[in-house]
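Keep the structure open beside you as you read.

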Amino acid sequence: MSSVVSPSAPAVQPVTLHRAPAPEPLGAWRVSEVQALLDLPFNELMHRAQTVHRENFPDGDIELATLLSVKTGGCPENCGYCPQAAQYDTGVTAQKLMEVDEVVQAAQAAKDAGATRFCMGAAWRAPKDRDVEKVAKLVEAVKGLGLQTCATLGMLEPHHAAQLKSAGLDYYNHNLDTSSEYYGQVVDTRTYQDRLDTLASVRKAGISVCCGGIVGMGESPVDRAGLIAQLANLNPYPESVPINSLVRVPGTPLADAPPIDPLDFVRVIAVSRITMPKARVRLSAGRQQMGEAVQALCFLAGANSIFYGDKLLITGNPDADADVSLLKKLGLKARAVSTTQADAALPS
């Protein structure tokens with residue numbers, strides 16, 4: 001952990017996901033500490049991040065995950081970045097949940113292309129009992145192909161999390177999006193605590209957590225520090241940490257948000273690696289706009305997972321051939337491990 005600390009800065013309180021009284025975990029990150037890392041000279045920051053990365057991932061492999069929208073559009077939430085919100089005119093047509101055979105076909109194609117994890121996204125505020133029953137069948141079918149399974153369905157009740165766990169779900173994705181202070185500028189149809197409650201339900205069910213955020217939404221640097229501190233102080237921190245660069249979609253409130261400086265994005269990747277050393281830090285949305293050089297810097301900074309395939313839910317992503325070519329240029333190898341189980345839970 002960085003030794004640069006502002007004694008007067010308030011600490012971000014760690015979130016105890018099992019809701020039992022617990023002491024503050026050792027090594028809790030203050031926002032000021034995270035900000036100090038973000039402010040380091042670029043070469044020093046990259047050196048620290050690469051050192052942490054090599055210590056925790058000596059193989060240096062890249063996890064390939066594929067994301068499929070299994071239920072598109074019509075979401076009642078008002079997330080300012082999301083083209084699937086029903087109230088925004090983005091050209092997205094609401095569609096019903098895909099059938100099992102359609103999803104299995106897509107999952108098999110992803111596996112054949114080299115993906116080891118298959119993520120299923122549904123544009124719900126919160127799934128109903130009947131929805132979870134249907135998704136559980138999708139999870140079982142994809143799991144049967146020998147892939148790790150992940151789902152992102154919105155807010156999740158404890159009994160729904162338990163049901164998905166029983167079906168074989170390995171990971172649940174539910175991003176915090178940004179800092180708690182800036183959150184209200186992005187969405188106000190659910191609270192930050194709603195998101196933390198969903199993470200608590202997921203942890204209690206024994207499902208691994210995939211949780212990250214989006215940068216480039218008009219937030220200040222301290223909000224980026226606040227997001228990273230919040231994620232790093234989860235107890236335990238997420239096994240997977242997707243870092244997204246905002247894809248500005250016409251028709252959404254954030255369509256005209258100023259783009260984040262590419263090197264500032266790399267800094268977020270690097271500090272995520274330093275503060276969550278054993279997590280898979282995923283270079284997620286926005287890669288299509290980055291170009292190869294920025295992506296290469298992100299891998300150097302500790303990113304070791306990408307979404308693989310030409311689409312992320314409904315927005316563009318580099319095609320598989322381009323990713324294979326880039327990894328080959330950089331001398332990076334795709335992860336090749338047993339996919340019958342999720343990674344072991346991280347220590348608190």
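Predicted model: local features only at pLDDT ≥ 70, side-chain atom pairs only at ≥ 80, totals over all residues.

1. Of the 348 residues in the protein chain, 58% are buried. The accessible surface is about 14600 Å², and carbon and sulfur atoms account for 52% of that area.

2. Contacts reach well along the sequence here: among those between residues at least 6 apart, 77% join residues at least 24 apart.

3. Next, the interior. In soluble globular proteins, nonpolar side chains tend to be buried together. The largest nonpolar core in this model holds 93 residues, and Y81, F118, L164, Y172, F265, I269 and L283 have the most contacts inside it. Helix 8 (residues 262–275) supplies the largest share of this core, with seven residues. Another core lies apart from it and has six residues, including A65, C119, C150 and F307.

4. Leaving aside residues up to four places away in sequence, F265 touches V215, I243, N244, S245, I260, L283, M290 and C298.

5. Finally, look at helix 1 (residues 31–38) and helix 7 (residues 221–232), whose axes come within 8 Å and cross at roughly 120 degrees. The crossing is right-handed. Helix 1 contributes V31, V34, Q35 and L38 to the contact, while helix 7 brings P221, V222, R224, A225, G226, I228 and A229. Sorted by class, the contact between these helices has eight nonpolar, two polar and one charged residues.

Conventions: Residues numbered from 1 in each chain as written. Heavy atoms only, no water. Core = buried A, V, L, I, M, F, W, Y, C linked by side-chain atoms within 4.5 Å. Buried < 20%, exposed > 50% of the residue type's maximum accessible area, 1.4 Å probe, protein only. Helix = DSSP H or I, 4+ residues; strand = E, 2+ residues; numbered from the N terminus. Contact = heavy atoms within 4.5 Å. Areas by Shrake-Rupley, 256 points an atom, 1.4 Å probe, with all protein chains shown as cover. Axes fitted to C-alpha atoms, helices over the stretch in contact; angles between N-to-C directions. Left-handed = near helix turned anticlockwise from the far one by under 90°. Nonpolar A, V, L, I, M, F, W, Y, C, P; charged D, E, K, R; others polar.
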